Amino acid sequence: MKLWKKLSVVTVTVLSAATFASGAAIIYRSVQYNQNETMESGRQRLASTAYAVSRELEYAPLEGFGKAAKNAYVNYLLKKYGADKYILIENGAVICNETPFELVNPGDGRWNQKEGCSIIQKRGEQYILIVGTKVPADGNDFSLLLVQDISGLYRDMREQIYFGLMIWAGASFGAVILIFLLTTGILRPLRELQKAAQDISGGELGRRADVRTRDEIGIMAKAFNGMAERIEDQVTELSVMSERRRQMLGSLTHELKTPMTSIIGYSDTLLHVKLKKEQQERALWHIRDECGRLERLSSKLMSLMGLYDNDSIFMEETSMEELFERVARLEEHHLKQKNIKLEVSCSMENKRVDRDLFESLLINLIDNGAKASSEGDTIFLTGFENKVTVEDKGCGIPEDEIARVTEAFYMVDKARSRRAGGCGLGLALCSEIAQLHGARLSIESRLGEGTKVSVVWKE
């Protein structure tokens, strides 16, 4: 059963039970009150009549009357006060009864009590009120009974009960409709949440729950929308990362073909063709160079992919001046072989960086500068305020290709890059490292004038 149905059924059941119980209690109390009032009214009326009759009997010479004269006088006396409602009893026997009812047990001691007695008897469809009391007359044992048909009172009470039940049924029916409408309105935001959840699970990640209430459902909808935004961001991030990895692996497959083809070709030649020793050595050196390029390619690829899962990154307060000096020592032999100088200048304060990653970033930038430079050129490594810059005076990059040089495997001059042992992953790796340090990679270059690559921290 749906929630709105459960709420409606429970609410209507509780409300109907409460109203029925309270209505029944009110009707029962009303019936009791009417009965008591009717009986009390009968007792008061009987008491006044009994007093009047007793006064009449005290002054009447009943001892001197014969039976017929006595009965005639008593009948006259009762008619005077309403004979159709009274029964007079003397010594346990009815001596006067002008009512349409017959008293079954006139000698019942209840009717001979001074304080009086009242009962209600049901006879068929009739309800009879009987009120009896002793008539205070000296020397005589009289009892007076008031007998009255009060069926009309019970008809009125039944009509009230039926009318109350009709009102209760109508009110219950109206309550059912009203509760259904109210419950439907109250639960409408939940249906909107359900629809939003279904749409999101169906792929509509931009879907949000349109709920503006300020109650608990509105708070839940706000939390739901926040969760949906977070999920969308994470899915988008994962999609971008997956696409980048897919492109990178595709490019890697393409890049592996050239050195692998060269290695296979030279190895086949060595296996099947008789070559001079000098030619054999040249082929072996070529295979060695290609294997070295494959090793560098796979190493840089693993480094770049490892940056996407950066649980092992360790940031610590680092002296940038010491870091620059260490990078200069690491690059000294490599640059010396190419007859390229490195000038280092640092006036930066300490930074929170991962030493290994930032060393890799600087070494990659210096290696790129060395590949673009000629013998005798100078590469400048400077650090000032929130910027680290590596500048060379080499061949430069065409303006329309600057935006693409940080893509994995993209190379401006593929022939020159391969001759220099490049694979197109250097700047992509540098860009990822810079982002992990809360910085960005800025590239300025002019053809024939050189390139300036800067790592700039956000202020």
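**Salt bridges and their surroundings**

Modeller: Gladly! Arg43 and Glu40 bring their side chains together in a salt bridge, at 2.8 Å from N to O; the term stands for a side-chain nitrogen of Lys or Arg within 4 Å of a carboxyl oxygen of Asp or Glu. Before we go on, please note that this is a predicted model, where local features need pLDDT of at least 70 and side-chain atom pairs pLDDT 80 or more, while totals for chains, interfaces and linings use all residues. Numbering starts from 1 along each chain as its sequence is written, and side-chain values use heavy atoms, with hydrogens and water left out.

Back to our pair: Arg43 and Glu40 are 3 residues apart in helix α1 (residues 3-59), so about one helical turn separates them. Helices (H or I, at least four residues) and strands (E, at least two) are DSSP runs, numbered from the N terminus. Arg43 is partly exposed at 30% relative accessible area, and Glu40 is partly exposed at 32%. Here buried means under 20%, exposed over 50%, and partly exposed in between, with a 1.4 Å probe and protein chains only.

A second salt bridge links Glu316 and Arg355, whose closest N and O atoms are 3.0 Å apart. Because Glu316 lies in strand β6 (residues 316-318) and Arg355 in helix α7 (residues 355-372), this pair ties together parts that are 39 residues apart in sequence. Glu316 is partly exposed at 25%, as is Arg355 at 33%.

Next come Lys393 and Glu391, with 3.1 Å between the closest N and O atoms of their salt bridge. Lys393 is partly exposed at 45%, and Glu391 is partly exposed at 21%. The whole structure holds 7 salt bridges.

β10 runs antiparallel to β12 (residues 450-457), and 6 bridges join them; two strands pair if DSSP finds at least two bridges between them. Strand β10 (residues 387-392) is also joined to β9 (residues 378-384), by 5 bridges and again antiparallel. In that hairpin, 2 residues sit between the strands, and Glu385 takes a positive phi near 55 degrees.

Another place to look is an open sheet of 5 strands, ordered β2-β1-β5-β4-β3 with antiparallel pairing. Its edges are β2 (93-97) and β3, each with a single partner strand, so one side of each has no neighbour in the sheet. From one strand to the next, the twist averages 25 degrees. Axes are lines fitted to C-alpha atoms, for helices over the stretch in contact, and angles run from 0 to 180 degrees between N-to-C directions. β3 (residues 117-123) and β4 (residues 126-135) pair over 7 bridges, and Ile119 stands opposite Ile130 in β4.

Helix α3 (residues 151-201) lies across β3, β4 and β5 (142-149), at about 135 degrees to β4; contact means heavy atoms within 4.5 Å. Phe173 lies in this helix and counts as exposed at 57% relative accessibility.
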